[in-house]
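Q: I have a structure to go through with you. Can we start with the charged side chains and then move to the rings?

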Amino acid sequence: MKKNYLIIICVIVILAGGLYYLLAGPDGDQAADPQTPAQPAANLTFAGSSIIEEQDGRRLWELSADTIEAEPDGKIVYLHNLKGVFYQENGEKMEIIAKRAVLDAKTRDISMEGDIRATASDGAVFTAPAASWGGEPKLFTGTGGVTLIRGDTVITGDKILTDDKLEKIKVLGKARVLTGGKTE
């Protein structure tokens with residue numbers, strides 16, 4: 001008779017443990033805890049790397065940064081302390097630096113922020129607090145108090161649109177041109 005009671009108790013304990021395992025799962029305590037925040041998907045981070053865009057074997061641009069971070073799907077790339085070079089067909093280039101940049105891997109558009117400074121091969125210098133680069137058409141847009149200096153000409157404005165050579169320029173908002181010490 002004692003043996004039958006012992007078997008019944010063992011069956012009840014095994015059934016209760018199995019039922020608890022099925023309802024709570026192996027991580028039941030963590031999943032049921034509303035205080036445990038959901039973990040976001042981790043971004044991929046690279047240090048000391050470069051991203052290069054080429055077309056028909058010709059390098060279009062090269063971006064390097066102290067750190068490069070990509071979202072898990074790889075569509076958006078974040079660059080910290082960006083250093084970039086944009087190459088032109090005639091062999092000239094434009095070098096650019098920015099504190100932060102975001103690259104849309106699909107469109108190849110780049111948004112930059114923080115102490116942006118672009119220097120063309122002819123010495124022209126473009127500075128802005130924020131800027132963007134659109135691949136088609138190749139266009140730089142600077143906003144928020146922009147300056148372009150070429151030789152003795154200084155162009156300032158709220159927004160400047162220019163090509164990748166800093167040659168074709170359109171200034172919007174508080175446009176001002178100073179040439180050889182004269183304001184135009």
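Q: Is D122 buried, partly exposed or exposed?
A: D122 is partly exposed, with a relative accessible area of 47%. Here buried means under 20% relative accessible area, exposed over 50% and partly exposed in between, with a 1.4 Å probe and protein chains only. This is a predicted model, where local features need pLDDT of at least 70, side-chain atom pairs count only at pLDDT 80 or more, and totals for chains, interfaces and linings use all residues. Residues are numbered from 1 along each chain as its sequence is written, and side-chain values use heavy atoms, with hydrogens and water left out.

Q: Which residue forms a salt bridge with D122?
A: R150, with the closest N and O atoms 2.9 Å apart. The pair links distant parts of the chain, with R150 in strand 9 and D122 in the loop between strand 7 and strand 8, 28 residues apart. Strands are DSSP runs (E, at least two residues), numbered from the N terminus. R150 is partly exposed at 27% relative accessibility.

Q: How many salt bridges does the count come to?
A: Seven, where a salt bridge is a side-chain nitrogen of Lys or Arg within 4 Å of a carboxyl oxygen of Asp or Glu. One of them joins K99 and D115 at 3.4 Å, N to O. K99 lies in strand 6 (residues 93-104) and D115 in strand 7 (residues 110-120), so the pair ties together parts that are 16 residues apart in sequence.

Q: What about R100, which residue does it form a salt bridge with?
A: R100 pairs with E113, the closest N and O atoms being 3.5 Å apart. R100 is in strand 6 and E113 in strand 7, 13 residues apart.

Q: Which residues are linked in a network of salt bridges?
A: E54, R59 and E62.

Q: Switching to rings. How many aromatic pairs does a search of the whole structure find?
A: Four. Rings of Phe, Tyr and Trp (its six-membered ring) pair if their centres lie within 6.5 Å; planes under 30 degrees apart count as stacked, over 60 as edge-to-face and the rest as tilted. The ring centres of F86 and W133 are 4.8 Å apart and their planes are at 50 degrees, so that pair is tilted.

Q: And F86 with F140, what are the distance and angle?
A: That pair is edge-to-face, 5.4 Å centre to centre with 80 degrees between the planes. F86 is buried at 3% relative accessible area, and F140 is buried at 1%.

Q: Which residues form the aromatic cluster?
A: F86, F126, W133 and F140 form one cluster.

Methods:
Helix = DSSP H or I, 4+ residues; strand = E, 2+ residues; numbered from the N terminus.
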